[in-house]
Amino acid sequence: MIINVAIDGPAGAGKSTVARAAAKELGYIYVDTGALYRAVGLNALRIGVETTDAVKVAETLDSISVELKFVDGEQQVLLNGENVSSEIRTPDASMAASNVSAIPAVRAFLFDLQKDIAKKNNCIMDGRDIGTVVLPDAQVKIFLTASPEIRAKRRYDELIEKGSDVDYDDVLADLIKRDYNDSHREVAPLKPAEDGVTVDTSGLTLEESIDKIIETVRNKI
C-alpha cells in the first residue's frame, strides 16, 4: 500500500526541513510542492511578467516545463531543464510563489504532477493545500505552524547563513504578508484539514520537531 503524508502550514514553519528529515528516516521520498510554485514565479520574474497578473502568468505556462527530479532521495527542481533549486529560495522568489499560487491556472498546471508523484511513491508532501485539496485521502495530515516571530527568525537565520543581505523586520513583514495572502486567496486557501493534526513547533528544537512529525506519522499508520 502506498503511504502519503500531507504537511501543510504557513511560510517559515520549517515544513521543508522537518519533512525532508522525517522522509529520510521513514524511507519515503520528500516532495516540496512550494518549490514548484517558486519555479513558476521565478520564470515570471526572469521574463519580466508581474506575478500578480493572472492573465499574463497563465500565458507563460504554455512555454515552460517544471519538473521534480530525485537524486539519492534528494529533490531537485528543474525549470526548463535547468536545476534552479538554489535560485528559488530568494525572498523575491518567495513572494513570487505566494502571488502565482493564488492563480487558478497555475494550480491546475501543477496539480496533476503532484498527484502523479503521490500515486506512485510513499511520500511526505508539503505545501499549503496538500491535505485539503491535493491529497485529501492522505493517511496522515499535519498542519505545522509556529508564531510569526519565530518563523521569521528561522527564515532570517537561514538567509544570513546563505550570505543574503536581509533585515529581520523586512523578513517578518514579508512573512506576515505571505500569511495573509495564503490564507485569504479564493482558490485553495491555507487552512488545517478537518481530519488533520496541528503541530506547533514554537517551543521545539529542530530535532524535537522532526521527532514529533515521525511520531505522528507512525501513530497514524
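**Notebook: one predicted chain**

I began with contacts (heavy atoms within 4.5 Å): residues 24 or more positions apart account for 75% of those in the chain with a separation of 6 or more.

A note on what I'm looking at: this is a predicted model, where local features need pLDDT of at least 70 and side-chain atom pairs count only at pLDDT 80 or more, while totals for chains, interfaces and linings use all residues. Residues are numbered from 1 along each chain as its sequence is written, and side-chain values use heavy atoms, with hydrogens and water left out.

**Overall build.** I looked up the helices and strands, which are DSSP runs numbered from the N terminus (helices are H or I, at least four residues; strands are E, at least two). The chain has nine helices and eight strands. Its radius of gyration is 16 Å, close to the 17 Å from the globule rule for 221 residues, so the chain is as compact as a globular protein of that length. For the record, that radius is taken over C-alpha atoms, and the rule is 2.2 Å times the number of residues to the power 0.38. I also got the span of the C-alpha trace along its principal axes: about 45 × 40 × 35 Å.

**Inside and outside.** Next I checked burial (buried is under 20% relative accessible area, exposed over 50%, partly exposed in between, with a 1.4 Å probe and protein chains only). Of the 221 residues, 48% count as buried.

**Aromatic pair.** I searched the whole structure and got one aromatic pair. It's Tyr156 and Tyr168: their ring centres are 6.2 Å apart and their planes sit at 85°, so I wrote the pair down as edge-to-face. The cut-offs: rings of Phe, Tyr and Trp (its six-membered ring) pair if their centres lie within 6.5 Å, and planes under 30 degrees apart are stacked, over 60 edge-to-face, the rest tilted. Tyr156 is in helix 7 (residues 148-161) and Tyr168 in helix 8 (residues 168-184), so the pair ties together parts 12 residues apart in sequence. Tyr156 is partly exposed at 24%, and Tyr168 is partly exposed at 25%.

Most residues other than glycine have a negative phi. I noted Asn80, which has a positive phi near 50°. I found Asn80 in the loop between strand 4 (74-79) and strand 5 (82-83), partly exposed at 43% relative accessibility. Then I noted Ala188, not a glycine either, with a positive phi of about 50°. Ala188 lies in the loop between helix 8 and strand 8 (197-200) and counts as buried at 14%.
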